[in-house]
Amino acid sequence: MSKFGTFAGILLATTLSSGAAFAQTTLSMWYHGAGSEQEVSILNQITADFNASQSDWKVELQAFPQAAYNDSIVAGALAGNLPDIVDVDGPVMPNWAWAGYLQPLQIDETKIASFLPGTKGMWDGKLYSIGLWDAAISLVTRQSILDELGLRTPTLEQPWTKDEFMDALSKAKASGKFEYALDLGTAWTGEWYPYAFSPFLQSFGGDIIDRSTYKTAEGVLNGDKAVEFGTWWQSLFTDGYAEATQDPAARDAGFNSGKYAFSWNGNWAALGTLAAFDDVLFLPAPDFGNGPKIGAASWQFGVSAKSAHPDGASKFIEFALQDKYLAAYSNGIGLIPATASAAAMTENYKEGGKLAVFYGLSEKQALVRPVTPSYVVAAKVFEKALADIAKGAPVADTLDAAVDEIDADIEKNGDYGF
Amino acid sequence: MASKFTRSNRVGWLMAGPAALLIAVFVVLPFIFAIGLSFTNQRLISPNPTEFVGLANYEQLLGIGVLTLEPERDAAGAVLRDADGAPKYPTLRSVTRNNPDFPQFAGMREWFSFQLGEHPTYVLARDVVFMKAIVNTFIFVIVVAPVQAGLALGLALLINQRLKGINLFRAIYFMPVVVSIVVVSLLWRFIYDGSSGLLNNLLAALSFGALPRIDWLGEPSTALGAIIAMSIWQAVGFHMVIWLSGLQTISPTLYEAAAIEGSSKWQVFRYVTWPGLRNTAVLILIVITMQAFALFSQIDVMTGGGPLDSTQTIVFQAVERGYGKQDISGGSTISVILFVIVFSISLIQRYLTREKQ
C-alpha cells in the first residue's frame with residue numbers, strides 16, 4: 001500500500017510539476033532491487049527529478065526481485081519485449097551485449113573519465129553499461145586481534161604476503177579463542193564464489209578464462225599456478241582454518257559475535273561490523289605472488305537493443321550519473337560512490353570516513369571478472385569446482401574437468417565471437 | 001475400447017476437451033520440442049543460428065570407456081616399481097588429457113575404478129556428473145518406492161478405524177503434503193544443520209552427548225540419505241489417503257464373513273485386505289516411481305547437488321544445464337533420456353503387475 005502511495009505520489013508530482021507532460025515520450029525501465037525499499041526510493045527520486053528536468057522524456061520504473069531479475073530479462077528478450085532501460089550485473093553485461101539485448105550507450109566518455117574503472121562496462125571497445133557505485137571486499141578483523149596475535153598491520157602499499165597471511169591464520173587458530181580463524185562466506189552460494197574467490201586465483205597467477213584470447217581456460221584454470229591455488233584453497237579447510245559448509249546465520253553474525261578472527265566480506269556488511277566493535281580494520285587482500293586482487297563491478301545501467309529511443313535512455317542514464325545521486329546511493333545502502341567527488345559528499349567515504357578505505361581498495365586492487373559472454377557459464381563451473389575442492393575432491397582433476405566444461409561451452413557458442 | 005471413441009460422444013469430448021487441450025499445449029508440445037532440440041545445439045540465449053548436431057548431445061552425456069592401465073616400464077621393458085615394490089602406473093590425467101595415443105578417452109574422467117587381476121581398471125565417463133545423477137536417482141527411487149508405499153499402507157491401516165478423534169490423526173499425517181515442498185525443504189535444512197540443528201540436538205540429548213554431531217547435508221555419505229528420509233516423510237500422507245480410499249472400497253461383508261470363519265488378523269489382511277487393494281497398489285507403485293524420478297525441489301533448496309555430487313539427480317541436472325548453463329539442448333537431451341527411463345520402467349511395472357489369466 002505504501003509503495004503504491006509513493007508511486008502515485010511521484011506520478012502526481014511529475015504530472016503537476018511539468019506542464020508539458022503530454023508531449024513526453026515514455027521510457028520504460030526495469031530494476032533488480034524490488035526487495036530494497038531504500039534503493040527503489042532513491043531511484044524513484046532520480047526518475048522524478050529527470051522527468052521534471054526536461055520535457056521530452058518520461059521514465060517509468062518497474063522493480064523486480066533480484067532473484068527473478070535475470071530470468072525476467074531473458075524471458076523479456078525471448079518475447080521481444082524488453083524495456084528501454086535495464087540494469088545489469090557488471091560481469092553478466094558482455095553476455096547480454098553479445099546476445100543482442102543491449103546497445104552501446106550514447107554517453108561521451110569524457111563525462112565518465114573520473115569514474116572508478118570497475119563501474120565502466122566496456123565490451124568490444126564500446127561502453128555498454130555504467131554503474132553509479134562499485135562494491136569491494138576486504139579482510140575484516142580488529143586491531144585488538146592483530147595486537148594480541150602479534151601481527152603486522154598490512155597496508156595498501158604493503159599488504160600481507162601469502163606467508164604472513166597463513167601465519168596469521170595459524171596464530172589465530174593456535175590461540176584457541178576462535179571457532180574458526182577465517183570466515184570466507186562459503187554459506188553464500190552463487191555469484192559470491194567467483195566474485196570473492198577468483199581474485200585469490202588471480203593473485204596466485206591463474207584465472208577463470210585465458211584473457212589473452214578468451215577462447216579457452218586451458219592452462220590458466222588448470223595450470224601450475226591454478227593447481228597451487230587449489231591446493232592452498234583445499235588446505236584452508238583440511239587444516240581447519242575455515243569451514244566448507246557454513247551456516248548462513250554464522251556468515252551474517254559470526255564475526256560480530258567473535259566466532260572468527262578474520263572475515264572476507266564486502267563493504268555492504270561493513271556498517272554492521274562497525275556497530276559491533278570500535279576497533280574494526282578493513283585490511284587489503286593478501287598478495288599471493290601476482291599482486292593483491294579483489295573483484296570489481298556491481299550493478300550498472302544500460303540501454304536495451306530494441307529500444308526505440310536510445311537517445312532518451314542514454315540521457316536518463318547520464319542524468320543519473322550526477323554526484324548527488326551517487327552520494328545518495330552510497331549514504332542509503334553503503335555502496336562505494338563511483339567518483340572521488342561524490343565520495344567527498346558522503347558520510348562514510350569522505351576523507352577520514354569510516355569506509356573511506358574501501359575507496360582505496362577499489363581503486364588499487366580491483367580487477368573486473370573476465371569480460372566475455374562465456375563468463376556466465378564459467379562462473380557456475382568455477383563455483384562448483386571450488387565447492388568440490390573444499391569438500392576434498394582431487395585438485396588437478398577437478399580443475400581439469402572445469403576447464404573441459406568451460407571450453408566445451410565456448411566451442412558450442414562459436415567462440416562467442418572472439 | 002475403440003468403439004467408445006468412435007461412437008458419437010460429443011458431451012464426453014466437450015468435457016475432456018479443456019484438459020486435453022491444456023495438456024497438449026503445455027506438456028505434449030514442449031516435449032516434442034525437447035526431442036527436436038536434443039538433436040541441435042540450441043542455446044537459451046545466443047545470436048548464433050541453431051545447428052543440427054545429430055546424436056552429439058547423447059554421446060556427450062552417455063559416453064563411457066573402460067581403461068586398464070599398464071604399469072610404466074623402463075627401456076629394457078622391466079616394470080618400474082616404487083619404494084614399496086608396487087608397480088608404478090601413469091596418472092589417469094596423462095592418458096585422458098592431450099594424449100594423441102588415446103583419442104577415444106580424451107576429455108573423459110574417472111567414474112569409478114576396481115582392481116581385476118593385476119592392473120587397476122578404470123571406468124571412464126564423458127560426463128561423470130550425469131552418471132552420478134543417474135545412479136543417485138535410481139538409489140532414491142529404489143529406496144523411496146517400497147518404503148514410502150509400505151509406510152503409507154501402515155498409516156492407512158492405523159487410521160482406518162472408528163475411533164474418537166481419528167480425523168485429527170488423518171489431518172496430522174496429511175499435513176506435510178499440503179505444505180509447499182520448498183518450505184518443507186527449507187525447514188528440514190534447519191533440522192539437518194550441522195552445528196545447532198534439531199536432529200543433532202535430539203541425538204545428542206538421547207545419547208547424553210556420546211554421538212558426534214553430523215553435518216547431515218554437508219557429508220557425501222549422509223546427504224542423499226537425509227534427503228530420502230525427508231522426502232518419504234513429506235509425501236507419505238498423500239499415498240496414505242490413496243490407500244485409505246482403496247481400503248474403504250473393500251466390502252464390509254467380506255470382513256464379516258472372515259470374522260464368522262474365525263480368521264486371525266493376519267489372515268484377514270492377507271486374504272481379504274491385500275487382494276482388495278491390488279489395483280490401488282499398482283497405482284501407488286507407479287505414481288511413487290514417477291514422482292521419485294522427478295526429484296528436484298529438495299535438491300535445489302537443500303544441497304544444490306553437492307557435496308561432491310552426492311545428491312545430483314537427473315531432473316536437477318536438466319534444469320541446471322538448461323537454465324543455469326544456458327544449454328537448452330543439453331537440458332532437453334536429459335529430459336528425453338529421463339522419459340525413456342521412466343517409460344520403460346512403467347511398462348515393466350505394468351507387465352509385472354498385469355492381471356494373470
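Predicted model: local features only at pLDDT ≥ 70, side-chain atom pairs only at ≥ 80, totals over all residues.
Okay, let's start in chain A, where strand E8, residues 137-142, pairs with E11 in the antiparallel sense over 4 bridges.

Now zoom out a bit. Those two strands belong to an open sheet of 4 strands in chain A, and the order runs E9-E10-E8-E11, with mixed pairing. So what's at the edges? That would be E9, at 180-183, and E11, at 280-283; each has a single partner strand, so one side of each is left without a neighbour in the sheet. On average, neighbouring strands here are turned by 20 degrees against each other, ignoring direction.

How do the two chains meet? Well, 23 residues of chain B are in contact with 24 residues of chain A. On chain B's side of that, you get 11 polar, 7 charged and 5 nonpolar residues.

As for chain B itself, we've got 15 helices and 3 strands. An unreviewed UniProt entry puts a domain, "ABC transmembrane type-1", at residues 134-349. That stretch comes out at 75% helix and 0% strand, with its end C-alpha atoms 19 Å apart.

And the overall shape? Chain B's C-alpha atoms fill a box of roughly 90 × 65 × 45 Å along the principal axes. Its radius of gyration is 27 Å, whereas a compact globule of 357 residues would be near 21 Å. Of those 357 residues, 29% count as buried. Last one: take the chain B contacts between residues at least 6 apart in sequence, and 61% of them join residues at least 24 apart.

Conventions
Residues numbered from 1 in each chain as written. Chains lettered and ligands numbered in written order. Pairing = 2+ DSSP bridges. Axes fitted to C-alpha atoms, helices over the stretch in contact; angles between N-to-C directions. Contact = placed C-beta atoms within 7 Å. Nonpolar A, V, L, I, M, F, W, Y, C, P; charged D, E, K, R; others polar. UniProt positions renumbered as here; feature names shortened; annotations may be inferred. Rg over C-alpha atoms; globule rule 2.2 N^0.38 Å. Buried ≥ 20, exposed ≤ 12 C-beta atoms within 10 Å, placed from the backbone.
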